[in-house]
Amino acid sequence: MTEADARSVRAGRRTVPVRRPGKVLFPGGAGAAEYTKGDLADYYRSVAPYMLPHLRGRPLMLERYPDGLDGQRFMQKNVPEHYPDWITRAEVPKEGGTVTHAVCDDTATLVHLADQACLTLHRWLSRTDRAAGPDHPDRLVFDLDPPGDSFARVREAAGWLRELLEELGLPAAAMTTGSRGLHLVVPLNARHDFDEVRRFAHGVARLAECRHPDRLTTATRKRDRGDRLYLDVQRNAYAQTAVAPYSVRSLPGAPVAVPLAWEQVDDPGIDARHWTIADAVDQAHTNPWAGLPGRGRSLEPARRRLAALDG
């Protein structure tokens, strides 16, 4: 393999080969910039200090495009045998057996995944490296999915949902999905299982829908939503995933899922694809989630408040 076919990337204590760094993963054109596998590896190495805290201990589902966006996509759960032995694995139960996921605990793993043309990392909402185990999430996610591409509708819904969560005593942080909408993320203390968390999330979404019935919906079938924004809570289930903060999306121009400060949510100049691998690290430097508490909350007080509001 010639120097043009591979280059070595220093990542922490390891040196990771990136093969065919000039291979185009994101074709340019129609206003979108072109990015190569080398660009992807450089981005993930640069953003690693900000991204890794959101990945450590969490099983991953990997969205890979070996031939770039114009080629075939496949979703990878099981770790292939050829992955380096220094990549952390997590074996978790599934119906009829187990599945062994990759876990990204260091910069070298991020660079290796870029070498594997993994564009997007989808993470579990629970961790396997803590006593609570994979059955108990420490994140709750509301996915704000707009009708069409109206980000103004997303900002509106995010404000309403934030107000409701504040009434319930729960802090929330916003993140662009890099696609069309926003995720609102609530840190939990991992003392409730997925069934409890999903029921609570559905109750919150239903109350928001009742308060704004012409603008919000919890209807899972698209034909039942009309022109209303969908409050999706289905990710709050065992073995479901959500796009990781600072993950690149498999869309033209390489947009990135980026955490926001709340004043940025109200900025009409920002939408779901505002940042790309060209500038997402600049946003990361601002520490947009600085105000989010370091310790997750219990749902017990919030459930009591929700019952009172819903009654």
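A polar contact is a pair of N or O atoms within 3.5 Å; within protein, one must be able to donate a hydrogen and the other to accept it, and residues adjacent in sequence count only if both atoms are side-chain atoms. The model is predicted, so local features need pLDDT of at least 70 and side-chain atom pairs count only at pLDDT 80 or more, while totals for chains, interfaces and linings use all residues. Residues are numbered from 1 along each chain as its sequence is written, and side-chain values use heavy atoms, with hydrogens and water left out.

Select Arg58 first. Helices (H or I, at least four residues) and strands (E, at least two) are DSSP runs numbered from the N terminus, and Arg58 sits in the loop between H1 and E5. Its side chain reaches the backbone oxygen of His54 at 3.4 Å.

Is Arg58 buried or exposed? Buried means under 20% relative accessible area, exposed over 50%, and partly exposed in between (1.4 Å probe, protein chains only). Arg58 is buried, at 1%.

Next, select helix H2, residues 107-115. Nine of its nine residues are buried, among them His112 and Asp115. The cover over H2 includes strand E1 (6-11), strand E2 (14-19) and helix H1 (37-51). After H2 comes Ala117, with a positive phi near 60 degrees.

Finish at E1 and E2, which pair in the antiparallel sense over six bridges; pairing requires that DSSP finds at least two bridges between two strands. Ala6 is opposite Arg19 in E2. In this hairpin, with two residues between the strands, Gly12 has a positive phi near 65 degrees.

Key
Contact = heavy atoms within 4.5 Å.
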